[in-house]
Amino acid sequence: GVAWTLAIYREGEFLDETTQLWEWGEQGQTYFYYKPPEGYEPGAYEMHVFIEARLQGIAQFVIMEEVSE
């Protein structure tokens, strides 16, 4: 029943977040589905994971511009 939050940022700008109650006991898995209405734009993204407002970790990924040949 602990609150956890996933927040996503692009180039340091906040995009969206979701907060839910943990329902899977001491162990479990979850996911965060995020699809921007305009699609993903190139840039550096970060996903921040919080448990009761305490930052637990950050995952980073980069979306590159499409290269046409």
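Strand β1, covering residues 3-10, and strand β2, covering residues 13-21, run antiparallel to each other and share eight bridges. Keep in mind that this is a predicted model. Two residues sit between these strands in the hairpin, and Glu-11 there has a positive phi near 50°.

β1 has another partner as well: it pairs with strand β3 (residues 43-51), again in the antiparallel sense, over seven bridges.

Zooming out, the protein has four strands and zero helices, so to speak a plain β-β-β-β order from the N terminus on.

What about overall shape? The C-alpha trace spans about 50 × 20 × 20 Å along its principal axes. The radius of gyration is 14 Å, whereas a compact globule of 69 residues would come in near 11 Å. As for contacts between residues at least 6 apart in sequence, 37% of them join residues at least 24 apart.

Now for the rings: the structure holds six aromatic pairs. Two of them are set out here.

| Pair | Centre to centre | Angle between planes | Type |
|---|---|---|---|
| Trp-4 and Trp-22 | 6.0 Å | 75° | edge-to-face |
| Tyr-34 and Tyr-40 | 6.1 Å | 80° | edge-to-face |

The tryptophan pair links distant parts of the chain, with Trp-4 in strand β1 and Trp-22 in the loop between β2 and β3, 18 residues apart. Trp-22, at 23% relative accessibility, counts as partly exposed.

The tyrosine pair can be read in the same way. Tyr-34 has a relative accessible area of 16% and is buried, while Tyr-40 is partly exposed at 35%. Both tyrosines belong to a cluster: ring pairs link Tyr-34, Tyr-40, Tyr-45 and Phe-61.

Technical notes. Residues are numbered from 1 along each chain as its sequence is written. This is a predicted model: local features need pLDDT of at least 70, side-chain atom pairs count only at pLDDT 80 or more; totals for chains, interfaces and linings use all residues. Side-chain values use heavy atoms; hydrogens and water are left out. Two strands pair if DSSP finds at least two bridges between them. The radius of gyration is taken over C-alpha atoms; the globule rule is 2.2 Å times the number of residues to the power 0.38. Contact means heavy atoms within 4.5 Å. Rings of Phe, Tyr and Trp (its six-membered ring) pair if their centres lie within 6.5 Å; planes under 30 degrees apart count as stacked, over 60 as edge-to-face and the rest as tilted. Buried means under 20% relative accessible area, exposed over 50%, partly exposed in between (1.4 Å probe, protein chains only).
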